[in-house]
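Biologist: I am new to this structure and would like to learn how to read it. Please take the features in turn.

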Amino acid sequence: MEWKLQRTARRRIRTEKEMLWEFDSVATTYSNFKNNFVKRLSAEIPVASSPITTRWQPSPARDLESSSSVEEGPLSHSPESLGSGLKTTPAADTLTLRGSHSTDSLKTPAKGNFEVNNSTLHFCKPPLAGVRGWKENVATKGQKCLNQLFSTQKGVQQIDGKMHLCEESRCVRTGCRNGARDDFYLRRYSSVRHSICQPEVKIHLTGLRNDYYLNILDWSSQNLVALALGSSVYIWDGHSHSWIESIDLSVFCHYVSSVSWVREGSCLAVGTSEGEVQLWDVITKKQLRNMLGHLSVVGALSWNHCTLSSGSRLGRVHHHDVRVAQHHVGTLHHKEAVCALKWSPDGRLLSSGCNDGLLSIWPHDPGAGVQGPPLKVISQSTAVKAMEWCPWQFEVLAVGGGMKDGCLHILDVNTGKSIQTPSTHSQICSLTWLPKTEEIATGQGAPKNDVALWTCPMLFRSGGFFGHKDRVLHLALSPDQTHLFSAAADGTACMWKCH
């Protein structure tokens, strides 16, 4: 009789434990399920590409975006594999910059499939007969959440872009029918007359992200325009007025967040939403490097000879020496997201703009430590995104105010004070200097959504480019300084003759 009572007691204890596990499983929230999913996915598939995992897994004791970094895959040291944009010396891990122009299509290197088979992920033990119904219900809910996560990932990865040249009277795109194309024009103001002319080229864009904090347009010294649309980068020839290349990065990221050409050559740096910084050679149509280290969106890039600086949404600025295998040579810290990075024309100073309204000026020191202080910090009333050094006065910096400010600030970085501060009465999304005419072009938001021209040094309004129906997010100047490329959130881009 005694052993029967003991067996009954053991059964009762086991049943109570199963009921307690069952209650916890049913009461599990989506947040807890997601956290559990992250832990299991990180442990089982460390290189998975998904919205909630990174390409590399830091150790528990590692700080966010620490000074050390990991590079995906071995660095190739053969000159043939590196192409003509970056070349390796076999005797040492060094790279030299050179390059020219080509017209073949760019292709992403072959890479493994990052999709995960849901059947390989197990979240619970085999159900017992007494509680099979409850556990099957929990498994069904978990499977639905898992399917939602992967369907969201696939949907985001399929975002892509296109460029379509406007064919004037034959264009059937919305906004170009019935002579609406004539709405785009350049107007110059003078005391004698108003001169009006239309843009040389108008382009329809598909997939351009309406994101104020991205920097996805740049014009190279070889007259090539790089514009990121979704997860692709399009290379457009400024001479023939046609797109000639496209780089598909859909297997690497959800979208491209920044682009920047090396000052001399055909090497293009690309920042992604997954925190990667990639180098592409337009001549050989190959990816040269994939430099890891950031844990968030890389929204800003800037070259200083062989040093590439990248800024992320977590407030980190990494300096990469692209000539060596251990590329990460310095780190700068900010409290909030880095919106803009610009090296001065002489390469002595680096300016960084942040979402907290702080403009920092840093010395030329690629090996700057984590705690290295900036030379000067200038406070602004809004996020510092539109920013450019003066090409003929290296100590002068132009900064565009955000929606709550709306002013164009011309700053002397030596004193930190404003030289001129005209009001534009709208958000300044982008700006660039025009050395030929000694003007500043600013890409404006509502209500006019135009490109305003300001004559230096008095900064009075001298003209503008009109026609965009939404804020002008990006501006780029041609290498001969005679043409301006504008891209707006309404899905249109124009090339204007400004001299």
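Biologist: What share of the residues in the protein is buried?

Modeller: First, some ground rules. This is a predicted model, in which local features need pLDDT of at least 70 and side-chain atom pairs count only at pLDDT 80 or more, while totals for chains, interfaces and linings use all residues. Residues are numbered from 1 along each chain as its sequence is written, and side-chain values use heavy atoms, with hydrogens and water left out. A residue is called buried under 20% relative accessible area, exposed over 50%, and partly exposed in between, with a 1.4 Å probe and protein chains only. Of the 499 residues in the protein, 51% are buried.

Biologist: How many helices and strands does the protein have?

Modeller: Both are DSSP runs numbered from the N terminus: helices are H or I with at least four residues, strands are E with at least two. The protein has 33 strands and four helices. As for contacts, meaning heavy atoms within 4.5 Å, 53% of those with a separation of 6 or more are between residues 24 or more positions apart.

Biologist: What is the volume of the largest pocket?

Modeller: Rolling a probe the size of a water molecule over the atoms shows where empty space is left. On a 1 Å grid over the protein atoms alone, a cavity is a set of points where a 1.4 Å probe fits but cannot get out; a pocket is an open set with protein on both sides within 12 Å along at least five of seven lines, and lining residues have an atom within 4 Å of a point. Grid points are joined across faces, edges and corners, and the volume is the space filled by probe spheres set on the points. Here the largest pocket comes to about 1,200 Å³.

Biologist: Which residues lie nearest its centre?

Modeller: Asp 218, Trp 219, Lys 342, Glu 388 and Thr 432, out of 41 lining residues. Elements giving two or more residues to that lining include β7 (217-219), β19 (338-343), β27 (428-434) and β31 (472-477). By kind, the lining has 26 nonpolar, 10 polar and five charged residues. Here Ala, Val, Leu, Ile, Met, Phe, Trp, Tyr, Cys and Pro count as nonpolar, Asp, Glu, Lys and Arg as charged, and the others, Gly among them, as polar.

Biologist: Which residues does Ser 478 contact, leaving aside its neighbours within four places in sequence?

Modeller: Trp 219 and His 483. Ser 478 sits in the loop between β31 and β32 (483-488), and it counts as buried because its relative accessibility is 5%. A polar contact is a pair of N or O atoms within 3.5 Å; within protein, one must be able to donate a hydrogen and the other to accept it, and residues adjacent in sequence count only if both atoms are side-chain atoms. The side chains of Ser 478 and Asp 480 make one at 2.5 Å.

Biologist: How many aromatic pairs does a search of the whole structure find?

Modeller: Rings of Phe, Tyr and Trp (its six-membered ring) pair if their centres lie within 6.5 Å; planes under 30 degrees apart are stacked, over 60 edge-to-face, and the rest tilted. The search finds six pairs. One of them, Tyr 234 with Trp 243, is edge-to-face, at 5.4 Å centre to centre and 75 degrees between the planes. Tyr 234 is buried at 8%, whereas Trp 243 is partly exposed at 42%. Ring pairs also link Trp 219, Trp 236 and Phe 485 into a cluster.

Biologist: Which residues does the cis peptide bond with omega near 15 degrees join?

Modeller: Most residues other than glycine have a negative phi, and most peptide bonds are trans. The bond in question runs from Ala 446 to Pro 447. Another cis bond joins Cys 456 and Pro 457, with omega about 5 degrees. As for phi, His 305 is not a glycine but has a positive value of about 60 degrees; His 305 is exposed, at 56% relative accessibility.
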